[in-house]
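Reader: Could you walk me through this model feature by feature? Give me the general idea each time, then the case at hand.

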Amino acid sequence: MSQPSIPARLPRRALRGDLLDFASSPGWAELDSPAPRFRPDQWLLIDEQGRIAGVQAEAPDESWQREDHSGRLILPGFIDTHVHCPQLDVIASYGTELLDWLNTYTFPAERRYADLAVARAGAERFLDALLAHGTTAAVVFPTVHKVSAEALFEAAEVRGMRLITGKVLMDRHAPDGLRDDVAQAERDCVDLIQRFHARERLAYAVTVRFAPTSTPEQLAMAGALCRADASLYMQTHVAENRSEVDWVAQLFPDARSYLDVYAREGLLHPRAVLAHGIWLDETDRGVLAETGAQIAHSPSSNLFLGSGLMDWQALRAAGVAVSTASDVGGGTSLSMQRNLLDAYKIQALRGERLSAWVALHAATRGAAEALGLARELGSFDAGTLADVCVWDWAMGSVAQARFEVARELHERVFAWMSLSDERNLAATFVAGEARYRRPATMTASAP
Ligand SMILES: [Zn+2]
C-alpha cells in the first residue's frame, strides 16, 4: 500500500529519552536477543511531516521543538489488532462464557449504535481512550450498522490514526436490530470501501462477526469482496471457545474445521486478522501459514471469559504471525501492558515462558509487519510516521523499588511490562502530533 501523504504542517520535534524498538523478530525465550534496539538517553527526531527523521545522542539545534523526557521510556505506539468500539460499555461484565456473554451484555450494547449520534460519541470516546492507553493504531469492530463504521473512520481521520475497520456482517442468530441481509450489506460495504478505503491512514476490513452469525450466502459475498480487491483487510473471530467450535460444526457440517468455513470462502489471505485461534489443529495452522492470515491473540479476554490457553509456540513454529489485542469488552483493559502480562500468564500455564521481547514485538513492529504496514509504523525506522509514546519507567514505590534493583535490560523491561499500565503514560504522539498528555493531577509520585 502506498504511504499516506500528510502535508507539511508541524514544527520539527525532538524527544529525549530511552528509546526502545525492534530491528527484527526476537527468538522465542531468547532474552539476550539482538532484535530489541535499546538506545538510552537519545533524541528522537520527527520532521515537519510527522515522520521519524533519525536518532542522535546530542541535542538538536533550536530549530527543533525539544521535549526532554530523559529518564523515561519511549516506545512506538502500540497496535491493538482486535478490539470492539461499542463494547467499552460492557467491559468487566460478570459471570458468563462467550455465547451467553454476547446475548446478555454485548448485543444490547451494540443495538444502540444504530443511532448516528450514539455512534459518533462512542467512536470519539473509544479512540481517545485508545490514545490515553498508548495505542495509536487499531483493527476495530464497530457494529452491524453502517453509521458505526462511518463514525469510526471519521473520528480516526480527525486524529490522524491508522485505523482498520468495516461494518460488521451478521444476518442470522442475532436479535432484532442487529441483523443485516446479504444485498443491503453488500451495498453498504461497497459504499464504505469507496469512501474510506486507502483514504489517508484508513483501510477497510471486510468484517465477519463470526461464522455462526453469517449465512453461507453472506460468507460467499464477503469472500467475493476480498477476491475483488486484494488491498482490503478481513477481520473475524475463530475458535475462541469450545461451545462455539461445537456450534460451528453443527452449522457447517461439510467444513473440515471452524477455520475451514472461512478458508473455503476465500476469506483467508495476507490481510486477514483472526481473533483468538485457541482451538485450532495442525492442519488449521498450516492453512493460516499458507494463506498468510494472522492471529490476533486476545489474552485478557481469553482468561476473563475462560476461553482457553492459546498455543503461541505452535502457531509460531507453523509460521503464523501472532499479534496482540485487547478484545475489549471481552478483554478487561485497553492497556497493552496488562494484556501482555496476561499473555505471559497464559504461556506460564502452558509451561512456556513469554519474553518481554516477543510480547512487545508482537504489539509493535510484529503487528505492523503482519498487517503489511511496517514501512508506515511500528518502529523508529527513519521515514515511518512518528506514532510514539512516552512512558514513565515506574509509578509508585513498589515499581520504583523493583526498577532500581533490575540488573539487566530484559529484567528491567519485563518488570516495566508487568507493573505498568496507562497511568505510566506521559504523552502520545500520532504522526508527530501530540494527541494525549497526562493531566497534571496524575503525577509520577503516586504511592
Ligand atoms: Zn472480539
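**Cysteines, metal, salt bridges and backbone**

Author: Let's start with a cysteine: the sulfur of C389 is 19 Å from the closest cysteine sulfur, that of C85, too far for a bond. Before going on, note that this is a predicted model, where local features need pLDDT of at least 70 and side-chain atom pairs pLDDT 80 or more, while totals for chains, interfaces and linings use all residues. Numbering runs from 1 along each chain as its sequence is written, and side-chain values use heavy atoms, without hydrogens or water.

Reader: How many disulfides does the structure hold?

Author: A disulfide is a pair of cysteine sulfur atoms within 2.5 Å. By that test there are zero here. C85 has C189 as the closest cysteine by sulfur, at 17 Å, again too far for a bond.

Reader: Is C389 buried or exposed?

Author: Buried means under 20% relative accessible area, exposed over 50%, and partly exposed in between (1.4 Å probe, protein chains only). C389 has 0%, so it counts as buried, and C85 is buried too, at 3%.

Reader: Now the metal. Which atoms coordinate the zinc ion?

Author: Donors are N, O and S atoms within 2.8 Å of the metal (3.2 Å for Na, K and Ca); water isn't among the atoms, so a site may look incomplete. Here the zinc ion is held by NE2 of H82, H84 and H237 plus OD of D327, at 2.0 to 2.3 Å. Along the chain, these donors follow the spacing H-x1-H-x152-H-x89-D. H84 sits in strand 5 (residues 78-84) and H237 in strand 10 (residues 233-238), so this pair ties together parts 153 residues apart in sequence. Strands (E, at least two residues) and helices (H or I, at least four) are DSSP runs numbered from the N terminus. H84 is buried at 2% relative accessibility, and H237 is buried at 7%.

Reader: Why is the arrangement around the zinc ion irregular?

Author: Four donors are tetrahedral if all angles lie between 85 and 135 degrees; four are square planar and six octahedral if opposite donors are over 155 degrees apart and all others between 65 and 115; anything else is irregular. The angles among the four donors here run from 88 to 169°, which makes the site irregular.

Reader: On to charges. How many salt bridges are counted?

Author: A salt bridge puts a side-chain nitrogen of Lys or Arg within 4 Å of a carboxyl oxygen of Asp or Glu. That rule gives 37. One of them joins R13 and E67, N to O at 3.2 Å. R13 belongs to strand 1 (residues 13-22) and E67 to strand 4 (residues 65-76), so to speak distant parts of the chain, 54 residues apart. R13 is buried at 8%, as is E67 at 12%. There's also a network of salt bridges linking D21, R37, R39, R365, E369 and D381.

Reader: What is the phi of A431?

Author: About 45°, positive although A431 is not a glycine. A431 lies in the loop between strand 15 (425-430) and strand 16 (433-437), and it's buried at 1%. H173 also has a positive phi, near 50°, but H173 is partly exposed at 39%.
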